[in-house]
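Subject: Structure for you to look at

Hi,

Here is the structure I promised to pass on. Please open it alongside this note, and my findings follow below.

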Amino acid sequence: MKNKRRFGRFHRLLAAAGLCALACLGAGLVITRPVGCSNDDLTAPLEVMTEDSSEEEKVVYLTFDDGPSSTTEAVLDILKKEEVPATFFVIAAENNEKYLPLLERTAAEGHMIALHTCTHDYKAIYQSPSAYWQDIDALKEKLSAYVDPQELVWLRFPGGSTNTVSHKYGGSSIMKDLKAQATEKGYHYVDWNVCADDAIGGHPSAEKIYNNVIRDVGDKHRCIVLMHDTKATQNTAAALPDIIRWFKNAGYRFDTVDHLEREI
């Protein structure tokens, strides 16, 4: 944050990772298409992940989108048992507001809470930059009972920071404008470079979700893993213990995304 030049590079590296939009279009909660991501949608690999060396420390950042929900408590139970932290990019849509009190437990147990938009409605949030920021302000207001709004400075754009679905609603420059404005407003955005494919159609099994994660890891030393803690992704919670154990056995340290800046 103090080193704006370095953090600008950090944003450029992270922004390269992110198009999962075609599969994410419904993002689960407002639109009826399936939620999820596919590596076929990524526009480019995360640059920082291609600069690995055999001496570099291996770190994994587990992230969960679109919660909290009835699945979140199971996820928290597993994280507590395994003693690892995670980052939750939360929403506050009509059908998950009753689960927002879980954020008190989430924060108390050392996890990071970050912003994902209030409605997750692409048509609404991406019609203009002002519409997006109004949605973010509404989300922060709903979270204020459980989290200090001043601490909510990290966000993940629905569909990722390079998504093109947003162009349909806000024009071809919408994401470029939003990324610039996010930096100006003091926010930091992050995409992913490992995708569980857990929220696509067909409700993949826990075994499939596990295999998707391991497939994407490859030889990466920095893994930002995208998963979901929605009502529809209960199999993610079922897969999570094995995912965590795999990363532990492979020598990864677990951390939250707010520490990415210090490591790049």
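Of the contacts in the protein chain with a separation of 6 or more, 78% are between residues 24 or more positions apart. Please keep in mind that this is a predicted model. The protein chain holds 11 helices and eight strands. It has 264 residues, and 54% of them count as buried.

Helix 6

Helix 6 covers residues 129–143, which is 15 residues. From first C-alpha to last it reaches 21 Å, close to the 21 Å expected at 1.5 Å a residue. Which of its residues are buried? They are Pro-129, Ala-131, Tyr-132, Trp-133, Asp-135, Ile-136, Leu-139, Lys-140 and Leu-143. Note that Asp-135 and Lys-140 are on that list.

As background, an α-helix has 3.6 residues a turn, so residues three or four places apart point the same way.

The buried residues of helix 6 pack against several elements. Among the partners are three helices: helix 4 (102–108), helix 5 (122–125) and helix 8 (174–184). The strands are strand 2 (87–90), strand 3 (112–115) and strand 4 (154–155).

Take helix 8 in more detail. Its axis and that of helix 6 are 10 Å apart, at an angle of about 50 degrees. The two helices are therefore oblique to each other. Their crossing is right-handed. On the helix 6 side, the contact uses Pro-129, Tyr-132 and Trp-133. On the helix 8 side, Ile-174, Asp-177, Leu-178, Gln-181 and Ala-182 meet them. By class, that contact has six nonpolar residues, one polar and one charged.

Helix 10 and its two partners

Helix 10 spans residues 234–249.

Start with helix 3, residues 72–82. The axes of helix 3 and helix 10 come within 9 Å and cross at roughly 25 degrees. An angle under 35 degrees counts as roughly parallel, so helix 3 is roughly parallel to helix 10. The crossing is right-handed. Helix 3 brings Ala-74, Val-75, Ile-78, Leu-79 and Glu-82 to the contact. Helix 10 answers with Ala-237, Leu-240, Pro-241, Ile-244, Arg-245 and Lys-248. Eight of these residues are nonpolar, none is polar and three are charged.

Now helix 9, residues 206–217. Its axis and that of helix 10 come within 8 Å and cross at roughly 40 degrees. That makes helix 9 oblique to helix 10. This crossing is right-handed too. From helix 9, the contact takes Ala-206, Ile-209, Tyr-210, Val-213, Ile-214 and Val-217. From helix 10, it takes Asn-235, Thr-236, Ala-238, Ala-239, Asp-242, Ile-243, Trp-246 and Phe-247. The residues of this contact divide into 11 nonpolar, two polar and one charged.

The loop proline

Where does Pro-85 lie? It sits in the loop between helix 3 and strand 2. Pro-85 and Gly-110 are 25 residues apart in sequence, but 6.4 Å apart in space, C-alpha to C-alpha. Leaving aside neighbours within four places in sequence, Pro-85 is in contact with Leu-62, Gly-110, His-111, Phe-254, Asp-255 and Thr-256.

That is what I have for now.

Best wishes

Notes:
Residues are numbered from 1 along each chain as its sequence is written. This is a predicted model: local features need pLDDT of at least 70, side-chain atom pairs count only at pLDDT 80 or more; totals for chains, interfaces and linings use all residues. Side-chain values use heavy atoms; hydrogens and water are left out. Helices (H or I, at least four residues) and strands (E, at least two) are DSSP runs, numbered from the N terminus. The expected span of a helix is 1.5 Å times one less than its number of residues. Buried means under 20% relative accessible area, exposed over 50%, partly exposed in between (1.4 Å probe, protein chains only). Contact means heavy atoms within 4.5 Å. Axes are lines fitted to C-alpha atoms, for helices over the stretch in contact, and angles run from 0 to 180 degrees between N-to-C directions. Angles under 35 degrees count as roughly parallel, over 145 as roughly antiparallel, 65 to 115 as roughly perpendicular and the rest as oblique. A crossing is left-handed if the near helix is turned anticlockwise from the far one by less than a right angle, and right-handed if clockwise. Ala, Val, Leu, Ile, Met, Phe, Trp, Tyr, Cys and Pro count as nonpolar, Asp, Glu, Lys and Arg as charged, and the others, Gly among them, as polar.
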